[in-house]
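Me: I would like to go through this model step by step. Please show the sequence and the structure, and then take my questions in turn.

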Amino acid sequence: MNQRLPIDVLRALRSIVELGSVTRAAESLNLSQSAVSWKIKRLEKQLGCDLIRREGQRLVATNEGAELLIHARRI
């Protein structure tokens, strides 16, 4: 991955996956739910792939999302 990605967007992705929900991630980041959703949509569009998927009531990382999270956690 050679693209520069904003830290706040990576933090939002990490929070969504760790907490399992955009709502809980937004609360933990002190952002609105729509702001967090927008950040992820924009990142998915930039990278050209889905990063999260719904599994029942919970949001989980796709394979691409999990790979990006490894990078995000290192940062």
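Reply: One definition comes ahead of the questions: a residue is buried under 20% relative accessible area, exposed over 50%, and partly exposed in between. The model is predicted.

Me: Which residues does lysine 39 touch, not counting residues up to four places away in sequence?

Reply: Lysine 39 and valine 9 are 30 residues apart in sequence, yet their C-alpha atoms are 5.9 Å apart in space. Valine 9 is one of the residues that lysine 39 touches. With neighbours up to four places away in sequence not counted, the list is Asp8, Val9, Ala12 and Leu31.

Me: How is α1 placed relative to α3?

Reply: The two helices pack at an angle of about 110 degrees, with their axes 9 Å apart. Angles of 65 to 115 degrees fall in one class. That makes α1, relative to α3, roughly perpendicular.

Me: How many nonpolar residues are in the contact of α1 with α3?

Reply: From α1 come Asp8, Val9, Ala12, Leu13 and Ile16, which meet Val36, Lys39, Ile40, Arg42 and Leu43 in α3. By class, three of the residues are charged and none is polar. The number of nonpolar residues is seven.

Me: How many charged residues does the contact of α1 with α4 have?

Reply: On the α1 side the contact is made by Leu10, Leu13, Arg14, Val17 and Glu18, and on the α4 side by Gly65, Leu68, Leu69, Ala72 and Arg73. Six residues of this contact are nonpolar and one is polar. The charged residues number three.

Me: How many polar residues are in the contact of α2 with α3?

Reply: The axes of α2 and α3 come within 8 Å and cross at roughly 105 degrees, which makes α2 roughly perpendicular to α3. Val22, Thr23, Ala26 and Leu29 of α2 make the contact with Gln33, Val36 and Ser37 of α3. Four of the residues are nonpolar and no charged residue takes part, while the number of polar residues is three.

Me: Is serine 37 buried, exposed or partly exposed?

Reply: Serine 37 is found in helix α3, residues 33-47. Its relative accessible area is 29%, and the middle class lies between 20% and 50%. Serine 37 is therefore partly exposed.

Me: What is the phi of asparagine 30?

Reply: Most residues other than glycine have a negative phi. Asparagine 30 is in the loop between α2 and α3, and at 71% relative accessibility it counts as exposed. Although asparagine 30 is not a glycine, its phi is positive, at about 55 degrees.

Me: Which residue in the hairpin of β1 and β2 takes a positive phi near 70 degrees?

Reply: Strands β1 (residues 52-55) and β2 (residues 58-61) pair in the antiparallel sense over four bridges. Glutamate 55 stands opposite arginine 58 in β2. The hairpin has two residues between the strands, and the residue with the positive phi is glycine 56.

Methods. Residues are numbered from 1 along each chain as its sequence is written. This is a predicted model: local features need pLDDT of at least 70, side-chain atom pairs count only at pLDDT 80 or more; totals for chains, interfaces and linings use all residues. Side-chain values use heavy atoms; hydrogens and water are left out. Contact means heavy atoms within 4.5 Å. Ala, Val, Leu, Ile, Met, Phe, Trp, Tyr, Cys and Pro count as nonpolar, Asp, Glu, Lys and Arg as charged, and the others, Gly among them, as polar. Buried means under 20% relative accessible area, exposed over 50%, partly exposed in between (1.4 Å probe, protein chains only). Axes are lines fitted to C-alpha atoms, for helices over the stretch in contact, and angles run from 0 to 180 degrees between N-to-C directions. Angles under 35 degrees count as roughly parallel, over 145 as roughly antiparallel, 65 to 115 as roughly perpendicular and the rest as oblique. Two strands pair if DSSP finds at least two bridges between them.
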